[in-house]
Amino acid sequence: MTRDTMEGFTMAALDSRTEAPVMEVRPDVLDERENALEVREGVDEATVAAVASLGAYKYGFQTDIETEYAPKGVNPDIVRLISEKNNEPQWMTDWRLKAFERWTQMEEVDWAMLDLPDIDFQDQYYYARPKSMAMKPKSLDEVDPKLLDTYKKLGIPLKEQEILAGVERPEGERRVAVDAVFDSVSVGTTFKAELAKAGVIFCSISEAIREHPELVRKYLGSVVPPSDNFYATLNSAVFSDGSFVYIPPGVRCPMELSTYFRINAENTGQFERTLIIADKGSYVSYLEGCTAPKRDVAQLHAAVVEIIAEEDAEVKYSTVQNWFPGDADGRGGIYNFVTKRADCRGDRSKVQWTQVETGSAITWKYPSCILRGNESQGEFYSIAITNNHQQADTGTKMIHLGKNTRSRIVSKGISAGQAQNTYRGLVSMHPKATNSRNYTQCDSLLIGDKCGAHTVPYIEVRNNSSRVEHEATTSKVDEDQLFYCRSRGVGEEEAVALVVNGFCKEVLQVLPMEFMVEAQQLVAISLEGSVG
Amino acid sequence: MSRLARPNLRAETTASRLAGLTLPQGGAWLRAARGGALARVEALGLPQRRDEYWRFTDPTTLTAPDPTPAAPMNDDEGPAFAEVGALRLVFVDGRFDPQASDADAVEGLEIERLSDAATRDLHWAQGLYGTLEAEGQKPVARPLAALNTAFAGDGVLIRVTGVVERPVHIVYRHDSTTSDAILHHVVKLEPGARLTLLESGPAAARFNKVTEVEVADGATFHHVRTQGRDRERRAATHIFARLGERSDFRSFTLTFNGVLTRNEVVLNLTGDDAIAHVAGAAVGDGDFHHDDTVFVTHGAESCESRQVFKKVLRNGATGVFQGKILVKPGAQKTDGYQLSQALLLDERSQFLAKPELEIYADDVKCSHGSTAGALDETAMFYLRSRGVPERDAKDLLTLAFLQEALQEIADERLAQDLSRRLEGWLSRRR
């Protein structure tokens, strides 16, 4: 989606505020913004308000829709209720209850460089479902138009018919199958039939639990065990939906797969679970996007993603995380606690994580690779941008267990405003992981003197035929580069965006095409208001 | 469940260690410092295996009530730094040996034993003894240093008022298999003063040492030490330094052998334009475990800090590096550099590192690099193809690897002395 259409949409929403998807305009926030701005003569207030409401976050609207909530809080009954709503078999309910039991014995972790607020885990809704989804729609045609509209406005096409007809699709355009998750449920998955022809299973995880129990039972929790960490354990107990992907042996998935997560309901946590299985010799590229409405009260998001790569399989997982980051004063936003891990089980398997983290008030996320198979490869490319009061503690773990394994880490952290941005990573070479290699490059960029950028790498080398190299730098935006841009008439904010995009280039270029364009724009948008 | 068990374990370890110690008698100034330190130890508790700051090094033998016996080694290499004519102060198993020590008066230099100074009610060291250690307890606790402040039996208090050319050399001798030495030194450099402090020797079966250094505006402090070759010894040392404007602090440590060495350096750059270089080379084999833990805080503008640590590990030896550069808000124009490298000479040796940056100012230049791996095969091939025997080629490349750290020593004579000792160590392992 281009920035122009997004702005167009926002303006339209402003004009007709009574329409269903209402753009939230919070007068209090606007007032403060106005005071902060020096309004020149001749600029009317409406313009200022419109500009302010555009803000940095373009996806802050809310969909007015009837929503069913499970009672607030979490306990074994809620766990059973979620399981029941998903029509799950008994083994799944038991699995969840066991995880819940473990969770009650665990404590929140405090080792991250995050100023964690007290989260009342009983003051949340753990299940919220659009009322129209009570009866699972059989096809996308039956889905509530308001829901489809929401995704349309987010730039996520859920209409496969037109595209399938081939009328509007220019030659060579890449197609992407989408699983759309709205609050606690999956509202629809596109291109299922076409994917099925190739033998690819792409559906919501709740469906997979019912339809493909043998695969789910074999793989669920095999990479991130239910007792892994506080947030993953909570997720194991209460996850409501998510995506399931199975690529059979030797199949190259005919199109990119993606999941789009949208949080809409208030005071509701989203707990989704993604399970991707790439069988021997298969390939899949998977994209993940996420947004949420602007709200004053922070919301919890605790996801788990498990990837299994068998022999010679390759998985690319790309995320553009754009949850609502909170307002300029640090109110609201998503608390994002995510456990993502890939198990490169088979020899010569390969997993690539790419993430662009621009949203969330708090990000706690370490997509990792267990390089178990000989000659397996793990890659991690990350851009994490924090502005205003955002906090991010993110990085990766590369655990080398197999011989001749390779890993590469490129992390770019950008901190502006009063934000804190931490890279935290582990590279571990086990004694048997002989002849393995790791290269790590962590660069941090600071914009302004009130923010922080930190690097916390752990390096453990337990054999001598492996080679580990780690480099990290921290600096400010290069004055010479800025001056060059400015002297050629580029505006200050644009110049910063340009320099920052250059700084992130190594990561941007490994993103799939659609995401690259979006990510470049996000980089610019996320830094709006950080200079001058 | 285990979370509940841990605080008890910490309390038990702390209580049983403290039970075997008595607070030394002393004058009013020292009593207060010792009392404060004891309170810190009791509040913090001694380090545990599961503490994040002890992730790579097991502190059990350092906190046990009694030291693990360690046989002294007959060092046949002759005394270190013999050529520079330093003023020698000798400690045997942590006890001062006046006969073996020099007592010459040197202009600009005041030296006093801690146990002598302790009898007085007032002392110039009052504002320093235990003070820099206490400041160094945040943001990371260093309970072994607080234990030292409370119970140190002796040490030297050095005040430098001018430019002192003659180095001061503290010589440690390890004589008894069961010695458990706690020494605490204080060095105060007045504005513009200059001193080179040398240290050598293995000190004791178990050695806990704290050195507090105040480097006032424009003062220069050079520190070079070598930690002796005793294989079974254990040591936990701390250097706490506060650096004033335009001050210059350089510290280099060479470590041979030792089943456990933890060297912590805590530097606080409080004046603009200060320079702090801290470097080290460590070589060991077998059950050698060496841990360099460095924490540099930039609290002023335009300061430069540099860390260079190199380790050569063989036959299953372990090297640890935990280095941190903290740049406080407002510490603009900071130049921070950190390098940690390990050469693993066999497949069982390991290198564990955590090189950290924590930065709250934007106009800074900070970087770190860390590498671990075997000898460069191309370089080996080159030397072999030119007729250099394999062992010679290995030693040559190993020395070349360590040389980068030795270059951090400003005084050529000292660097050469240490270089010769390194060659000796390597040649004995052929």
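Modeller: A helix here is a DSSP run of H or I with at least four residues, a strand is a run of E with at least two, and both are numbered from the N terminus. By that count, residues 29–169 of chain B are 27% helix and 14% strand, with end C-alpha atoms 27 Å apart. The structure is a predicted model, where local features need pLDDT of at least 70, side-chain atom pairs count only at pLDDT 80 or more, and totals for chains, interfaces and linings use all residues. Residues are numbered from 1 along each chain as its sequence is written, chains are lettered from A and ligands numbered from 1 in written order, and side-chain values use heavy atoms, without hydrogens or water.

Colleague: What does UniProt place at residues 29–169 of chain B?

Modeller: An unreviewed entry gives "domain: SUF system FeS cluster assembly SufBD N-terminal" for that span. Its positions follow the numbering used here, feature names are shortened, and annotations may be inferred rather than shown by experiment. Residues 179–401 of chain B carry another UniProt annotation, "domain: SUF system FeS cluster assembly SufBD core", also from an unreviewed entry. This second span is 9% helix and 60% strand, and its end C-alpha atoms are 35 Å apart.

Colleague: How do you know which stretch of chain A has pLDDT below 50?

Modeller: The score, pLDDT, is the predictor's confidence in each residue, from 0 to 100. Chain A has a mean of 82, and 85% of its residues reach 70 or more. Over residues 1–43 of chain A, however, pLDDT is below 50, and this stretch has 60 contacts (heavy atoms within 4.5 Å) beyond near neighbours in sequence. Residues 161–171 of chain A also stay under 50, with ten contacts beyond four places in sequence. Where pLDDT is low, the predicted coordinates should not be read in detail. For chain B, the mean is 94, and 98% of residues reach 70 or more. The model as a whole scores ipTM 0.89 and pTM 0.87.

Colleague: Why are α12(A) and α13(A) called oblique to each other?

Modeller: Their axes (lines fitted to C-alpha atoms over the stretch in contact, with angles from 0 to 180 degrees between N-to-C directions) come within 9 Å and cross at roughly 130°. Angles under 35 degrees are roughly parallel, over 145 roughly antiparallel, 65 to 115 roughly perpendicular, and the rest oblique. So α12(A) and α13(A) are oblique.

Colleague: At what angle do the axes of helix α7 and helix α8 of chain B cross?

Modeller: They cross at roughly 135° and come within 9 Å. That value makes α7(B) oblique to α8(B) too. The residues in contact include M380(B) and L383(B) of α7(B) and L396(B) and L397(B) of α8(B). By class, six are nonpolar (Ala, Val, Leu, Ile, Met, Phe, Trp, Tyr, Cys or Pro), none is polar (the others, Gly among them) and three are charged (Asp, Glu, Lys or Arg).

Colleague: What makes the peptide bond from K138(B) to P139(B) cis?

Modeller: Its omega is near 0°. You will find P139(B) in the loop between α5 (131–135) and α6 (143–151) of chain B.

Colleague: What is the phi of S360(A)?

Modeller: Phi is near 70°, a positive value in a residue other than glycine. S360(A) sits in the loop between β15 (350–357) and β16 (362–365) of chain A.
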